[in-house]
Each structure stands twice: as C-alpha cells, then as structure tokens.
Amino acid sequence: MKLTLKIWRQKDSKSKGRFETYHMENVSPEMSFLEMLDALNKRLVEEGGDPVAFDHDCREGICGSCGIYINGHPHGPVPGITTCHLSMRYFNDGETLWVEPWRAKPFPVIKDLIVDRSAFDKIQIAGGFISVDTGSAPEANSIPVRKQNADMAFDAAICIGCGACVAACKNASAMLFVSAKISQFALIPQGRIEAKERVRAMVEKMDELGFGNCSNTGACEAECPKKIKISNIARLNREYYKAY
Amino acid sequence: MTILNSKIPEGPLSEKWTRYKENVKLVSPANRKKLDIIVIGTGISGAAAASALGELGYNVKVFCYQDSPRRAHSVAAQGGINAAKNYKNDGDSVYRLFYDMIKGGDYRSREANVYRAAEVSNQVIDHFTALGVPFARDYGGTLDTRSFGGVQVSRTFYAKGQTGQQCLLGCYSSLNRQIKKGTVTMFPRREMLDLVVIEGRARGIITRNLITGEIERHSAHAVVLATGGYGTIYYLSTLAVNSNPSAAWKAYKRGALFANPSFIQIHPTCVPQLNDYQSKLTLMSESLRNDGRMWVPKTKGDTRNPNEIPEEERDYFLERRYPAYGNLVPRDVGSRAVKERCDAGYGVGKTGLAVYLDFRDAIKKQGKKAIEDKYGNLFELYKTITGKDPYEEPMMIYPAGHYTMGGLWVDYELMTTIPGLYAIGECNFSDHGANRLGASSLMQAAGDGYFILPNTISNYLADQIKTPRIPVNLPEFEESERSSIERLEKLLAVNGRETASSFHKRLGKIMWDYVGMVRNEEGLTKALSQIRELREEFWKNLKVPGSINGLNQELEKAGRVADFLELAELLVIDALNRKESCGAHFREEYQTPDGEPLRNDKEYAYVAAWEYTGHGNPPVLHKEELKFEVVEMKERSYK
C-alpha cells in the first residue's frame, strides 16, 4: 500500500507545532500502525532526520502507553482497540492519514505525538485507593462479594488510563476515567468504607487540573479502547451526590 | 574471590521464615524516616515494595522509565496468580505448592526461598482482595480458582485474562496512597544509567530524565532493583518492547553476580510471527490450555481448513505424549513438543511454524457463553491481531520468549552480592529454577515486594541508622555520572548507518536460532562468535540521531541494545557451561531416548553465578551448591 501521512511535529512543549507530510510506500496490510511508524522512523534516522516521537510499550493493548489521534479518532477509526492493535489492513491504498497527539489542556504536548498525562496519576493519588496497610488484610473469603458486583467492578477496572476519553471529549472531560475507578470501588464492600472521601477528593482534583464536565454526548464511550460504559459516569454522579 | 553465602536460616524448612522474622534486626519507627531507599521499577514487585516500605515510614524514592508507574509490564500478565488456599478442597497446601515449583523448576532452585514464596502466597491473595482487586468469584460470593500447567490442583486466582493488570493496578493504588502521604516520591520517565557503589555498598544511582535529558544523582542507604526480565533479548518476545536488562546489567558490572542467565522460558502459546516488520509477539494465556486442545494434522503438509480435518486424522500430540497432564504440561515441555512437531514437518499455517489450539470440543460441551466468560477478552485479542475468530476455527500458536528465571544472584534476604543492593521479582533468580510454573510470577513478585523484602531489609538498615543522608557530591557519584555521560556520547559519536533496532533484530535472530528452545555446543559456539562480531559492528556502524539533551528515544534504545549485546555473550557462556538439560535449558547432547531432558545432578546441581571481571575479561563462575533437604531429586515426569 501507498499512504500519505500528515504527522503533527512539535519540538517541545514551548514550541509551536505543525503538520509535516511523509509518503510511505510498501506498507503491508499486516503491519500495525505503530510498526508502520517504526518503518518511517527507521527511514528518517537512516536519512539523518529526526524520528517521530510517540509513546508505546507493551504493544498488546494493555499498558495504555500508546495513544495517537488518527483521522479524527483517538486510537484511529476502528472501535474497541488501542493504536498498537490498529492494523493497517483497515486502511486503503492511496489514503491520507492525519496523525495527531491527544489535544486537551490538561495533557500538554511534550514532543510530537507524546503528551504529558501525569494529571491522571494525580487524580488517582488524590483518592484512587483503599486504605489498607500490608499485613492487615482479613482472610480473602471472609468478605463475600456478590458475583454480579464483582463482575461489574471488573468491567470498570479494566480502564488502561490511556486518555482517549479525554481526547475524544469536546470538554476534555476525564469523567469516564474517574468514574471507572469510582465504580470499581463503589461496587464492592471493601471500597464502601471510604467511598465518600474518595469521590470528593478525586472529583475535586479532576476539576482543579482543568478537565471539563460531562455533557452526555457519549464520545468517550464510543472511543474508549476498552469499551468502558458511560453508565459508570451516572454512578460517579450518584456517588458524588451521596458524598455531601 | 566472592564466597556465596545464601544465608539460609537454620531449622526445619517450614519454620525457617518464622524463625528468621523472630530474630531479624529491626529499625525503630523514629529511625525509619531518616533512612532513604531507592526502588527502580514499578511493576508488581517494585510498586509493592515501595508502598510497603513507605507504610513502614522509610523515605522511599521510586523510578520508572514509563510515563506512569501503572504501565510496567506486570500489566500484561494474563492468566492468574497462585496461592495455597486450598479453597477447592483438592488436597492443596503450602508444601504442595512448594513441591510443584521445585519440580517445575527441574530441581535447580533454592528450597528455602521457594518454600517461603509458597508460604506468603496466601497473604498476597488476602492483601490484593483487601485492596479491591476484582478477582473472579463464584455465585456465593467467594473467590474462584482455575488450573494451570504442571499441577494437579486448582489454585490459580484470576481476573479473566487480565490478572496482571488488576494486580498491578492494586499495587499502583497502594503506591499512590503512599505518594499522597509523602512517604514515597515518584520519578517517572527516568532511566537508571549506573549504580553508585561507595566503600563496597550500594549508595545511589545515576539517572537520565527521559524528557529533558538531564543526568541526575540520587543517593540512598539501600537500593532495590525491581526491573523485570530480559526476554527481549530475542527481539521478538511477549515482553513490552522497551523492557530491558540495563539496570541489572549495570549492577552486574559494578560487582553483583548474575545467576543462571541462560534460563529463559519460552512460552508455548503465542500468536506466531506473521511478517518481517513485526515488533512483538503476543501471549495467549496458559489458562487457555484448561479447555483448548493442541493438535497438528497426522499428515505432513495437510493444507485443509482445520475444521475439515476429521478427528481420526488429528494428532493431539500433548495428550499422546503426556497422558497424565495432557494439554496442561509445563511450559518448557509444551514448547519443545510444539517445536518437535513443526521441525518434523507437521506444522500448519503459511510458515509451517504453528500448531492448532482448538476449543471446538469445549464449546460443544460447555456452550459458547461459558467459554466467553472464561476467555472472552483473550479470544477478542486473538481476533484483533489475526482477523480470525477462535470461536469458529482453532487458534494458531507458536512458542515465544517470555520469562527469565535467571537474574541477579540474591541470598535468602534478597540481597545481591553488593551489600545494600536488593533484587526482587523477575530480576532476581531465586524461585523458579530452570523453568517457571504458570501463575507463579505474579505470586513471587507480590510476595517479594509486599511481604519478604520489607522484613529482610531492616536487617541491613538497622546497622545504617548512624549513617547520615548520603551526599551526592562524593567522588563515586562524580565518577559514575562521568562514565554514564561518556557512554552516551560514545553512542552518539559512532555516527554510522544502522539503527539500534536493526542491530537488536539481528541479535534476536542469533539468540533465537542458537540459544532458544534447543541448544547444542556447535550452535552456541557459533552464536558466541556471531555476537562478538555483531557487537564490533554495532560500535562501528550504529546511527543515533540528536543529542543527549532533550527527549531522544533512539538514544534510549541504543543504550539498551549495547547492554543486550554484552548480556547475550554471558548467556551463551552460561549455556555452554551447563552440560546437561534441565527445564528450559535443553541441550540436544543430553536427552533421554524419548527426547526428554537429561539432568546431571552429580555435576550440575548448582546455581551458576557469574562475576564481572572487567572489560574484555572472561567472567568468573561461582557455584552455589543446591542442597535438597526435603525434596528428593527425581526425574521430572509428566507422563
């Protein structure tokens, strides 16, 4: 396949960025999107150019490192997958692809396609935990958990923290991300004890860091590579009201 | 010459850990906050250790190369985590878990460490459950378990095929709690460039800030390496592409011994390589072998659609060769069996380097819904990568490099041969011998981090309470920093024509061909000279753009590949030295008539710990004899 790539290049957080055009030939439909970028970078390095910087690590859709905005969609146009799993077989010969970093004020660009997502860690540090010291846990089966709740908690807990929800949202809202953690803990007895403090602290931090509010358009759910449900945001809201 | 003292406590096996804890030196709460500890790596072992040490009141600094501690590669562990709870009433116990690990490791691990790992496994499950890790449950609300390879009980706790992610996020949450409390300071996007050793003790590290390029000095009273394994030495592996051995390798070059480097686990069930551009091989969890049956056609070169091949024309080769364990044989055994069939010409797919993992019978018997509940996300993952639906046709799988049993040598206290330097989780060597059993890496990593290291490190730190905070302007820091910068400049100065990744790929091919699932003297010798040639070429023809300043991912890669090229040589030397077959280390010259590994307990029942003796000098071998006081060494049979 032949492709034209319009890639966002930005030297550092202070510089202004712009799109640069690269022509790719011999793209195999079996490549992943990141492997296609590897091939581009190999060429750029060999030609003495500056390779495109992008975050990536596990390349199996679970670490949450990668995140590229492709043709107007976080992680590209195919729903339910991360950029590292985006196969080039989904694109057509001769196509032009627009490749950008996440765009959100709380995620400043570091270089090219790499953004600073430490705001997500800050929200988790504010309250995304159950306060239990090592060694003080009761026997695991002494607190039974209804299977349906455990399963729902799991479905929320699989969030990979990639930031696609924020990138997809016109308000740069982090509510899907926050609600996933709130839901995981709200649904199980271990998490109920600090539920009020947790939701207050996490929401307060989310607001402080400049993330917007949910306006129920559902773009986050549509673009989430792990298909985290927007109903978690409803649960977050209920938990938040209950906390005051 | 270093004398290896493994410091195994006296007393019966089942009482050693209790006795140790009763007699270990302690540090009072008031003194703990005066003591600094550095932890490198935020996978399960690192994040667990950092949070547990923070809870105790030590002053902890944690480093990782990723943008967030939550991205460490423990996140990708799929199938589960073992514990000796015996919730299934199937005869499990701490002893049985210990025994299975010793046998699974082909009698090349240390009894006392393995027993302790089994002993703390139950506490690990209690702790994760209290942290809110959503393990699978039964309808009555209690925890569910499943079976893994190499055992006959059901002791593996799981969260679908994402157990590693859920356990890691549990550790991440306890780490965050300590960061909030101020006991732990987090330094993401940092790479350790060197270990600083002062008067024989580990006293700090040199790091590079991967965003600004700044070289930084950090001091501490003790340093803990939790940096994972080196399976990416094959280039293509199930590891994250940035996983690397560099921190452990720097420690080796500063005097820590490296144990059993050639013990690398090749996992039997991975999505096979599809093309030449591929950067990664994805694991398909061992748990799939609970219900999936592995087979190849009985006729060579049978190109029919697998669904059209009738039952009597299928060779269920694991069930045929190992009737007692069937599809649930341990990983080393499974991998070799797959390779044997493919080498004999029965492999399937475009390359002939794949076998089928078939769920047809399980779906027929249990229904699609039941299979989906257990493995739904794995089936989806497979479909995403290959475009094929495993509910409709069997998966195609092939072995890939996965886990390193070898690593830094540690004593019972998890301390390396450098006083004050500890190694925990996959980066040490201690618990898995020559082959790791499934679902025991999460167990060991969490056990080391939460329950073992916090209890052993006080024995060292108790003598450090009078040592004031270590200043970073000491000459040893200057020297380490200078040599780190010189090395980065040297990488940039080569200014040749080939990228670091390209060298990595070429190294990977040498390692896979000659130091993979099957090894022999001739191949290993060939590998040794090829590695040396490649290393020479690397330093003549490497191309790294940019500078030390600022973000430079090519420079990061180049530094790691340079270390791989050195480690590769040690790995081959170790494989050449061990003239026996055990676990994952299969030397063709040493096998039984039916192709099983042939151990030589008389001459090789030892841990091979290698000492660095300077650039260009051969490493020196130190032997830790393995004494089996409880378990009798037997032929390891799964038939």
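This is a predicted model: local features need pLDDT of at least 70, side-chain atom pairs count only at pLDDT 80 or more; totals for chains, interfaces and linings use all residues.
Domain 1 of chain A covers residues 3-111, and domain 2 of chain A covers residues 117-242. Where these two domains of chain A meet, 20 residues of domain 1 and 21 residues of domain 2 take part in the contact. Together, domain 1 and domain 2 of chain A bury about 1500 Å², with 61% of that area on carbon and sulfur atoms.

Chain B can be approached in the same way. Its assignment gives domain 1 at residues 267-401 and domain 2 at residues 478-604. In chain B, the C-alpha centres of domain 1 and domain 2 are separated by 30 Å. Here eleven residues of domain 1 of chain B touch eleven residues of domain 2 of chain B. The area buried between domain 1 and domain 2 of chain B is about 800 Å², of which 59% falls on carbon and sulfur atoms. Which residues of domain 1 of chain B lose the most area to domain 2 of chain B? They are B:Asp332, B:Arg336 and B:Lys339, together accounting for 53% of what that side buries.

Attention now turns to pairs of helices, beginning with chain A. Helix α5 (residues 175-186) of chain A packs against helix α9 (residues 231-242) of chain A at an angle of about 70°, and their axes are 8 Å apart. That angle makes α5(A) roughly perpendicular to α9(A). The two helices, α5(A) and α9(A), form a left-handed crossing. On the α5(A) side, the residues that meet α9(A) include A:Leu176, A:Val178 and A:Ile182, while those of α9(A) include A:Ile233, A:Leu236 and A:Glu239. By residue class, the contact of α5(A) with α9(A) holds seven nonpolar, four polar and two charged residues.

A further helix pair is found in chain B. The axes of helix α15 (residues 521-541) of chain B and helix α16 (residues 553-577) of chain B come within 10 Å and cross at roughly 160°. Helix α15(B) is therefore roughly antiparallel to α16(B). The crossing in which α15(B) passes α16(B) is left-handed. Among the residues making this contact are B:Leu524, B:Leu528, B:Ile531 and B:Phe538 of α15(B), along with B:Val561, B:Leu565, B:Val572 and B:Leu576 of α16(B). The contact of α15(B) with α16(B) is made up of 16 nonpolar residues, one polar residue and five charged residues.

Notes: Residues are numbered from 1 along each chain as its sequence is written. Chains are lettered from A and ligands numbered from 1 in the order in which they are written. Side-chain values use heavy atoms; hydrogens and water are left out. Axes are lines fitted to C-alpha atoms, for helices over the stretch in contact, and angles run from 0 to 180 degrees between N-to-C directions. Helices (H or I, at least four residues) and strands (E, at least two) are DSSP runs, numbered from the N terminus. Angles under 35 degrees count as roughly parallel, over 145 as roughly antiparallel, 65 to 115 as roughly perpendicular and the rest as oblique. A crossing is left-handed if the near helix is turned anticlockwise from the far one by less than a right angle, and right-handed if clockwise. Contact means heavy atoms within 4.5 Å. Ala, Val, Leu, Ile, Met, Phe, Trp, Tyr, Cys and Pro count as nonpolar, Asp, Glu, Lys and Arg as charged, and the others, Gly among them, as polar. Domain bounds come from an automatic or database domain assignment. Buried area is the accessible area (1.4 Å probe) that two parts lose on being put together, summed over both.
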